[in-house]
Amino acid sequence: MTSFHCDPVAAYQERYYSDFTAAAGQLFDDAVAASGIDLEENRHLASEIYRLLEQYSNADSCKIRWCASQWILIIAAVVWGGTLWYFAAQDSLPAWHWALFVPAIILMIFLSFGKIIPRITALDKQIAALESAIRSKSDQARGKLAPLFEYFDWKTLPSLVSKILPFLEFDGYLNLNRLADMEANFGQYLPRDDDSSLFAAESGTFFGYPFVLARFLNYESVDKTWYGSLEISWQTQEKDSDGKYYTVTHHETLRASVTRPAPDFYTNSALFTGHHAVPELDFSREPSELSGAEGFWAELSKKRVLKKLHRFAQDLEDSSNYTMMSNRDFEALFHSVDRSCEIAFRQLFTPLAQQNMLKLLNDKSCSFGDDFYYFKQGKGSCIVPQHLEDTPLAAAPFHSGEFDFVKVKEQFRKESTGFFRSVYFTFAPLMTIPLYNEPRAPENIPEAKGISEAEMETAVNYIGGAYFAHPASITHNILRVRKFKRARDFVSAEVDALGFKGIDRVKYVPVWGGDGREHLVPVEYVEYVPVTKRTVIYAADEEHFQSEKVLCCRRGIAFWC
């Protein structure tokens, strides 16, 4: 493992993206060769399917035109007949109009039943036959491509990333030793909360230092508003200009609302890592609106921010000891004013690191720009990039529902390069810092092994809340793994599923109407009541366990209940 000092944006543009796309293309071609699929046969099938799809589209468009013609005739007959009926009732309709209308109606009926309806029926049969042929050919093409997907597994994309970025190594799964290393040597713990669950995770080492890419499913109680309405009417007596009274009926819609607590579920993703450098330094920063901005107003906003920072630095009554760096752009954009040690901050963010960080924050060409929060406490760091939320962590092996090999290959290219770009720029803030790019001594890196409680929690989320949830639950479920135990050949734990059942309620809200009376407006709402279910789950290395009780085999681990 070699030292790595770089501008991550330039390195991605000039080297890593092209290297990765070439490696991904080669891996895909190797899988194609090993699978033995017949590309010429697939091209022939795909061309047949596209021809059938074109025929289907033409037939469907033709049916729409014929149906439109049928409706035009019906509407024309109804409007014409209604008009004649109206004038006939007024005794102002010449007789010759009926003489014209009756033959026209007969002609319309003849066109409908003799031409339009048979044509629509024939098109329906043609469309049904085409749908059946398309489905059959598509299933045949997908079946021929099925052997290809057997050559992709859980490690395919992470291993491909590590091939291009050898300083970034991924584990097979979130193992016990990796978490123990993070906790014991760097004081970095994954958040544990009764209102959240570890939904998905990837772990490994960055220059030998442990990291975890984690996604959490969270729950919180929010106020939700339901609405209801009531139609009322009343009558009043009013006097006209002749002094006579007449009755007027008034109508009004009364509206009301009820606010009640409801569960809200959301996810958030973050990178957790540890490093021995400058353990005395704590700081935080958040995305800046100045990053990537150009022009007069951007410069004006930057000057305002710098003036505030200058006043903050000159505040003798403040206990932070904050002093501004000479690189004013870095101070304005990175904007970390809560740093605990100025000397350590400068050791971490050298002039080179500041320069590289600024380029990353301002980049609009290939990275995600300034979309990340950064928190450092002691030896632990947490980076929260917004783009990581869309990254498939611990995703299932590549598979495609396309029937066309060309589209399958393009889908693999998009998914693999998207994963690489997201992971690369999640670590990019660390890449800008020279101290973080010094390799850790190999003898200090523990072997990646041991099924962890955290990995079991990601597995139960992969299996799905529907299996572990209480039968009455109508919401997502927070799945928490508890009482984790290790035996000789397997591990066990209890899965607590927290969900909510819904009870339909009605509240009658008093509302004054225009009639001067109070009315009770019904508002229907749902009362959410927590429900829980506990399930015992077991896990073991897949190669050492074979049973019909297995719920799933994932990342080399078998899970059963």
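Helices (H or I, at least four residues) and strands (E, at least two) are taken as DSSP runs and numbered from the N terminus. The structure is a predicted model, in which local features need pLDDT of at least 70 and side-chain atom pairs count only at pLDDT 80 or more, while totals for chains, interfaces and linings use all residues. Residues are numbered from 1 along each chain as its sequence is written, and side-chain values use heavy atoms, with hydrogens and water left out.

Most residues other than glycine have a negative phi. His-335, in the loop between α7 (328-334) and α8 (342-348), has a positive phi of about 50° although it is not a glycine. With a relative accessibility of 35%, His-335 counts as partly exposed, where buried means under 20% relative accessible area, exposed over 50%, and partly exposed in between (1.4 Å probe, protein chains only). Ala-394, placed in the loop between β7 (380-385) and α10, likewise has a positive phi, near 50°, but Ala-394 counts as buried at 6% relative accessibility.

Strand β7 is largely enclosed by the rest of the structure, because five of its six residues are buried. Two strands are considered paired if DSSP finds at least two bridges between them. Strand β6 (residues 372-377) is joined to β7 by six bridges in an antiparallel arrangement, and Phe-372 has Pro-385 of β7 as its bridge partner. The hairpin of β6 and β7 has two residues between the strands, and Gly-378 in this hairpin takes a positive phi near 65°. Strand β4 (residues 245-274) also runs antiparallel to β7, with four bridges between them, and Leu-271 stands opposite Ile-383 in β7.

For salt bridges, the criterion is a side-chain nitrogen of Lys or Arg within 4 Å of a carboxyl oxygen of Asp or Glu, and by this rule the count comes to 31. Glu-527 forms a salt bridge with Arg-505, the closest N and O atoms being 2.6 Å apart. This pair links distant parts of the chain, 22 residues apart, with Glu-527 in strand β10 (residues 518-541) and Arg-505 in strand β9 (residues 491-512). Glu-527 is partly exposed at 31%, as is Arg-505 at 35%. A network of salt bridges links Arg-192, Asp-194, Glu-453, Glu-457, Arg-480, Arg-482, Lys-483, Glu-494, Asp-496 and Arg-534.

Pockets were located on a 1 Å grid over the protein atoms alone, a pocket being an open set of points where a 1.4 Å probe fits, with protein on both sides within 12 Å along at least five of seven lines, and lining residues having an atom within 4 Å of a point. The largest pocket holds about 360 Å³ of space, the volume being that filled by probe spheres set on the points. Of its 25 lining residues, the closest to the centre are Asp-153, Trp-154, Leu-157, Pro-158 and Ala-395. Helix α4 gives the most to this lining, with five residues. By class, the lining of the largest pocket has 13 nonpolar, six polar and six charged residues, where Ala, Val, Leu, Ile, Met, Phe, Trp, Tyr, Cys and Pro count as nonpolar, Asp, Glu, Lys and Arg as charged, and the others, Gly among them, as polar. The second largest pocket has a volume of about 260 Å³, and its lining comprises seven nonpolar, four polar and six charged residues.
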